[in-house]
Amino acid sequence: MATQADAQELAALRALSARIGSNPHLTQAAGGNTSLKAGDTLWIKASGTWLKDALSDDIMVPVAMVPLIEAVERRDPAADKPQAFAIGALNPRGLRPSIETTVHALMPQRVVLHVHCVDTISLAVQADCEIKAARRLEGVEWAYVPYRRPGLPLAQGIAERLRPGVDVLILGNHGLVVAAETVTDAERLLHRVRSLLARTARTAANAD
Ligand SMILES: [Zn+2]
């Protein structure tokens, strides 16, 4: 950890991760991941760990962000193996960073949350997702990223769609990314976007 402020924010992120991981509308099993940038180090949820365990287990792994972003820019297949960028000295348990690490590294904001939010996915599986989402996300700086396999292809898809100021990504057929400078703001944005995207439950006809 670079500073005490980073350590405090990482503790806040672990608490938020546990809350997100305990909500089946946001994450299922080992899905979803959260991250914090501390200087040039990206702390991200390790592959195979569960967000709901963020307070009881060591689930965050440090990654050297600059060489990872350079690998994405070079389209180097090394970017598909983020474990090569894990910082060994700070990773005594040998945790492996998520294949979705590049999603987090590409967002410039300090805190990034990626969830397989049911309300988002119910929209993100539709062919006209981008049009429908645009109607609901008025006032939000967001971008739509068509489906790509997680890893280098998804990272390239995001790089193509990212504009300055964008802090929300809808990943086609996949899920949601929100980003902010603080854990508090990231959580607020997550719930704002989720409620904007939530579909109104259809009124069921009375049973005969
Ligand atoms: Zn995902």
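Lys52 is located in the loop that connects β2 and β3; helices (H or I, at least four residues) and strands (E, at least two) are DSSP runs, numbered from the N terminus. The model is predicted, so local features need pLDDT of at least 70 and side-chain atom pairs count only at pLDDT 80 or more, whereas totals for chains, interfaces and linings use all residues. Residues are numbered from 1 along each chain as its sequence is written, and side-chain values use heavy atoms, with hydrogens and water left out.

**Lys52**
- Lys52 counts as partly exposed because its relative accessibility is 41% (buried is under 20% relative accessible area, exposed over 50%, partly exposed in between, with a 1.4 Å probe and protein chains only).
- Leaving aside residues up to four places away in sequence, Lys52 touches Ser17, Ala18, Gly21 and Ser22 (contact means heavy atoms within 4.5 Å).
- Ser22 is 30 residues from Lys52 along the chain, and their C-alpha atoms are separated by 5.2 Å.
- The side chains of Lys52 and Asp53 are joined by a polar contact of 3.1 Å (a pair of N or O atoms within 3.5 Å; within protein, one must be able to donate a hydrogen and the other to accept it, and residues adjacent in sequence count only if both atoms are side-chain atoms).

**Helix α1**
- Helix α1 comprises residues 4-21, 18 residues in total, and spans 25 Å from its first C-alpha to its last, close to the expected 26 Å (1.5 Å times one less than the number of residues).
- The buried residues of α1 include Ser17, Ala18 and Gly21.
- The cover over the buried residues of α1 includes β1 (33-38), β2 (41-45), β3 (60-64), β4 (111-115) and α7 (183-197).

**Packing of α1 with α7**
- The two helices pack at an angle of about 25 degrees with their axes 9 Å apart (axes are lines fitted to C-alpha atoms, for helices over the stretch in contact, and angles run from 0 to 180 degrees between N-to-C directions).
- This angle makes α1 roughly parallel to α7, a term for angles under 35 degrees.
- The contact is formed by Glu9, Ala12, Leu13, Leu16, Arg19 and Ile20 of α1 together with Val183, Glu187 and Leu190 of α7.

**Ser35**
- Ser35 belongs to strand β1 and counts as buried because its relative accessibility is 0%.
- A polar contact of 2.7 Å links the side chains of Ser35 and His104.
- Beyond four places in sequence, the residues that Ser35 touches include Leu13, Trp43, Met60 and Val111.

Terms used. Parallel < 35°, antiparallel > 145°, perpendicular 65-115°, else oblique.
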